[in-house]
Amino acid sequence: MYGKKENNLIIIENGQLTSYMLDNKNVWEVGRPSKENIPDIKLHSATVSRRHGKFQNLDGEWFYLDYNGKNGTVYSTCETSANPDT
């Protein structure tokens, strides 16, 4: 018998691997940390906005919502968009 599938996010930044067990929370804020902003998933690249986006679980499915920062979000060489027509 198989157990419940775990949803993990793996981030590699500057040669360092960090794994997040997404099912531990329903929403994970993503961004560049600052004095005013401490995101759940911290990325230190200058191309990442302080409030860059979030991963959110809706009815058991994970989605990423970009907050439309200056540099956007790229996944597998494709830019993401909150607007399905773009």
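In this predicted model, D59 is exposed, with a relative accessible area of 81%. The cut-off for that class is over 50%, so D59 qualifies as exposed at 81%. D59 lies in the loop that links β5 (53-58) to β6 (61-66). Most residues other than glycine have a negative phi.

N14 also has a positive phi, near 55°, and is a residue other than glycine. N14 sits in the loop between β1 and β2 (16-21). The relative accessibility of N14 is 76%, so N14 counts as exposed. In sequence, N14 and S45 are 31 residues apart. In space, their C-alpha atoms are 9.1 Å apart.

The analysis next turned to open space in the model. Rolling a probe the size of a water molecule over the atoms shows where empty space is left. The largest pocket holds about 510 Å³ of space. It is lined by 20 residues, and I11, L43, F55, T73 and V74 are the closest to its centre.

β1 (8-13) and β7 (74-75) each supply at least two residues of the lining of the largest pocket. The largest share comes from β1, with 5 residues. By class, the lining of the largest pocket comprises 12 nonpolar residues, 7 polar residues and 1 charged residue.

Methods
Residues are numbered from 1 along each chain as its sequence is written. This is a predicted model: local features need pLDDT of at least 70, side-chain atom pairs count only at pLDDT 80 or more; totals for chains, interfaces and linings use all residues. Side-chain values use heavy atoms; hydrogens and water are left out. On a 1 Å grid over the protein atoms alone, a cavity is a set of points where a 1.4 Å probe fits but cannot get out, and a pocket is an open set with protein on both sides within 12 Å along at least five of seven lines; lining residues have an atom within 4 Å of a point. Grid points are joined across faces, edges and corners, and a volume is the space filled by probe spheres set on the points. Helices (H or I, at least four residues) and strands (E, at least two) are DSSP runs, numbered from the N terminus. Ala, Val, Leu, Ile, Met, Phe, Trp, Tyr, Cys and Pro count as nonpolar, Asp, Glu, Lys and Arg as charged, and the others, Gly among them, as polar. Buried means under 20% relative accessible area, exposed over 50%, partly exposed in between (1.4 Å probe, protein chains only).
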